[in-house]
Amino acid sequence: MKVVHVNAEAQRNACLARLCAEVYGQDAGLTPLVVFTGACSVFFPQEAARLFAAVDAQGKPQALALLVLDEEGVGMTVTHACSLDQADAQQRLISELTLKAPLRVDVDSAEQEAFYQKSGIKRWFGGAGGKRIGLGARHPAKSVNELAPTLSLDEALILRRFKHDPKAFEQAKQAFLTGLDNFPTAL
């Protein structure tokens, strides 16, 4: 399995649409569309996020992960990740990314923490609201106080735009559906 940075716009949008659909599922309302739209219109143009795929020997995507920079541009947080075909593909993707990037994960369950520990996240801190924050070996922070907040989208603003601009909503929805329809068989 090989890790690929998905940066060609059409492939990136297709992979992001699939990632959002996989993470949020069918009953998530507008959340997948909001995340997709925000990443495509804010994060990617500002180079504040990266999309990675684990691919098999034929280049077929097996897992996807979206990493978003922190406010200081030092660390990258795994905000969304999923396996597509092989159950352990997501773990192998995170393990590879842990070796290459200053990775951070925020979890709220013991199961998630155990998953990321198996993926190579070894340093853990207590965060606000009972969350746990894990850091990969390449992350420079030595304590939770040294962590900058992860960049975030103003989801309410995106939803307001959708509500007040039906054309923007329709364009975003079409871009999302086009991405799903054009998910690549190989990268």
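D106 sits in strand β5, residues 103-107; helices (H or I, at least four residues) and strands (E, at least two) are DSSP runs numbered from the N terminus. This is a predicted model, in which local features need pLDDT of at least 70, side-chain atom pairs count only at pLDDT 80 or more, and totals for chains, interfaces and linings use all residues. Residues are numbered from 1 along each chain as its sequence is written, and side-chain values use heavy atoms, with hydrogens and water left out.

- Not counting residues up to four places away in sequence, D106 touches R132 and I133, where contact means heavy atoms within 4.5 Å.
- The side chains of D106 and R104 form a polar contact of 2.9 Å. A polar contact is a pair of N or O atoms within 3.5 Å; within protein, one must be able to donate a hydrogen and the other to accept it, and residues adjacent in sequence count only if both atoms are side-chain atoms.

**D70 in a loop**

- D70 lies in the loop between β3 (61-69) and β4 (76-83).
- D70 is buried and has no salt bridge, the nearest side chain of opposite charge being R104 at 6.1 Å. A salt bridge is a side-chain nitrogen of Lys or Arg within 4 Å of a carboxyl oxygen of Asp or Glu; Lys and Arg count as positive, Asp and Glu as negative, and His and the chain ends are not counted.
- The D70 side chain reaches the backbone nitrogen of E72 at 3.0 Å, and a polar atom of that side chain lies 2.9 Å from the backbone nitrogen of V74.
- Apart from neighbours within four places in sequence, the contacts of D70 include H139, P149 and L151.

**Helix α1**

- Helix α1 (residues 9-24) has 16 residues and reaches 22 Å from first to last C-alpha, close to the expected 22 Å; the expected span is 1.5 Å times one less than the number of residues.
- Buried residues in α1 include R12, C15, L19 and C20.
- Among the elements covering the buried residues of α1 are α2 (31-43), β2 (49-55) and α6 (166-181).
- G25 follows α1 and has a positive phi, near 75 degrees.

**Cysteines**

- The count is 0 disulfides, a disulfide being a pair of cysteine sulfur atoms within 2.5 Å.
- C15 is in no disulfide, and its nearest cysteine sulfur, that of C82, is 9.6 Å away.
- C40 is in no disulfide either, with the sulfur of C20 nearest at 8.1 Å.

Notes
Buried means under 20% relative accessible area, exposed over 50%, partly exposed in between (1.4 Å probe, protein chains only).
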